[in-house]
Amino acid sequence: QAVLNGYFSADSFFVLSGLLVMYLSLRQLDRTKKTKLGYLLFFIKFYLHRILRISPTFVILLLFYWQISPLLSDGPLWRPGVDKWVDSCDNFGWIPPILYLNNIYSSVDTQIGCMGWTWYLANDMQFFLISPIFIIPAFVFKFPFALIPLFVAIILFLIPPMVITAVYSLHSNLYFPLNHLTDGLFEVASNMTYVDPNVYYYVKPYCRINPYLVGMALGYIIWKVNQWKSQTG
């Protein structure tokens with residue numbers, strides 16, 4: 001079970017991302033000049049810093065992968081695999097990852113998409129872009145009311161994964177709809193229609209955002225505890 005469900009280990013990184021975004025933002029807001037202009041400049045810098053830190057490097061990596069990596073080797077085993085993945089960047093397939101939308105826009109036919117493994121980065125960027133919705137109430141309101149938007153969102157975002165799992169009959173093992181074990185090998189039931197959870201569940205932001213929100217709540221609590229310690233100390 002630990003191996004088969006290792007795919008969910010990405011949730012730990014979402015928790016850490018949410019925690020750091022909330023904690024560092026609140027700490028920085030504490031030091032920001034308490035004016036409308038001061039707060040406006042903070043959030044402009046908030047977005048620009050993120051985009052300029054990640055996007056240029058990401059574009060260079062995508063261009064290298066798309067145009068140069070196919071030239072690095074050759075052979076009967078190299079070309080089919082590389083062509084399958086790299087060709088998905090042709091015909092404007094490179095646009096969704098550049099816009100951090102390759103976790104939403106995906107073709108059931110290609111599934112993997114252009115640099116499909118960057119679905120995590122797309123999710124993390126999308127969560128970051130909407131994070132001020134939770135950062136501002138956490139900074140403005142007192143405990144425990146500051147956590148209400150986060151708790152409401154966590155409850156609401158429990159619904160999409162449950163609905164998608166029920167509609168598509170996704171299995172707990174995610175990638176292995178298992179029937180039984182035979183001679184140490186996994187066998188897929190012959191009468192079972194397999195639905196790739198990558199397309200409908202695993203990479204979707206509305207199915208993966210809750211760990212990020214939990215991390216944000218934890219980041220707020222740590223920031224608040226530090227505030228109480230400084231006030232009483």
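**Opening question.** At roughly what angle do the axes of helix H1 and helix H10 cross? The answer comes with the second view, after a few words on the model itself. This is a predicted model in which local features need pLDDT of at least 70 and side-chain atom pairs count only at pLDDT 80 or more, while totals for chains, interfaces and linings use all residues. Residues are numbered from 1 along each chain as its sequence is written, and side-chain values use heavy atoms, with hydrogens and water left out.

**View 1. The protein chain and its elements.** The protein chain has 10 helices and 2 strands. Both kinds of element are DSSP runs numbered from the N terminus: helices are H or I runs of at least four residues, and strands are E runs of at least two. Starting at the N terminus, you can follow them in the order α-α-α-α-α-α-α-α-β-β-α-α. The chain has 233 residues, and 40% of them count as buried. Here, buried stands for under 20% relative accessible area, exposed for over 50%, and partly exposed for values in between (1.4 Å probe, protein chains only).

**View 2. Helix H1 crossing helix H10.** Helix H1 covers residues 10–31 and helix H10 covers residues 205–232. Their axes cross at roughly 40 degrees and come within 6 Å, which means that H1 is oblique to H10. The axes are lines fitted to C-alpha atoms, for helices over the stretch in contact, and the angles run from 0 to 180 degrees between N-to-C directions. Angles under 35 degrees count as roughly parallel, over 145 as roughly antiparallel, 65 to 115 as roughly perpendicular, and the rest as oblique. The H1 and H10 crossing is right-handed. A crossing gets that name if the near helix is turned clockwise from the far one by less than a right angle, and is left-handed if anticlockwise. The contact of H1 with H10 contains 15 nonpolar, 6 polar and 4 charged residues. In this count, Ala, Val, Leu, Ile, Met, Phe, Trp, Tyr, Cys and Pro are nonpolar, Asp, Glu, Lys and Arg are charged, and the others, Gly among them, are polar.

**View 3. Helix H5 against helix H10.** H10 also packs with H5, at an angle of about 65 degrees and with the axes 10 Å apart. H5 is therefore roughly perpendicular to H10. The crossing of H5 and H10 is right-handed. Two residues to look for are Pro205 in helix H10 and Asn123 in helix H5. They are 82 residues apart along the chain, yet their C-alpha atoms are separated by 5.6 Å. Pro205 is buried, at a relative accessible area of 12%.

**View 4. A pair of asparagines.** Asn103 sits in the loop between H4 and H5, and its side chain meets that of Asn123 in a polar contact of 3.2 Å. Such a contact is a pair of N or O atoms within 3.5 Å; within protein, one must be able to donate a hydrogen and the other to accept it, and residues adjacent in sequence count only if both atoms are side-chain atoms. Asn103 is buried, with 0% relative accessible area. Asn123 also counts as buried, at 0% relative accessibility.

**View 5. The disulfide of Cys89 and Cys114.** The whole structure holds 1 disulfide, a term for a pair of cysteine sulfur atoms within 2.5 Å. Cys89 and Cys114 form it, with their sulfur atoms 2.0 Å apart. Cys89 lies in the loop between helix H3 (78–86) and helix H4 (95–98), and Cys114 in the loop between H4 and helix H5 (119–130), so the pair ties together parts that are 25 residues apart in sequence. The link is right-handed, with 85 degrees about the S-S bond. Both Cys89 and Cys114 are buried.

View 6. Most residues other than glycine have a negative phi, and most peptide bonds are trans. Asn91, in the loop between H3 and H4, has a positive phi near 55 degrees. At 75% relative accessibility, Asn91 is exposed. Met115, in the loop between H4 and H5, also carries a positive phi, near 50 degrees. Met115 is buried, with a relative accessible area of 1%. Is the peptide bond from Phe143 to Pro144 cis or trans? That bond is cis, with omega near 5 degrees. Look for Pro144 in the loop between helix H6 (132–140) and helix H7 (148–156).
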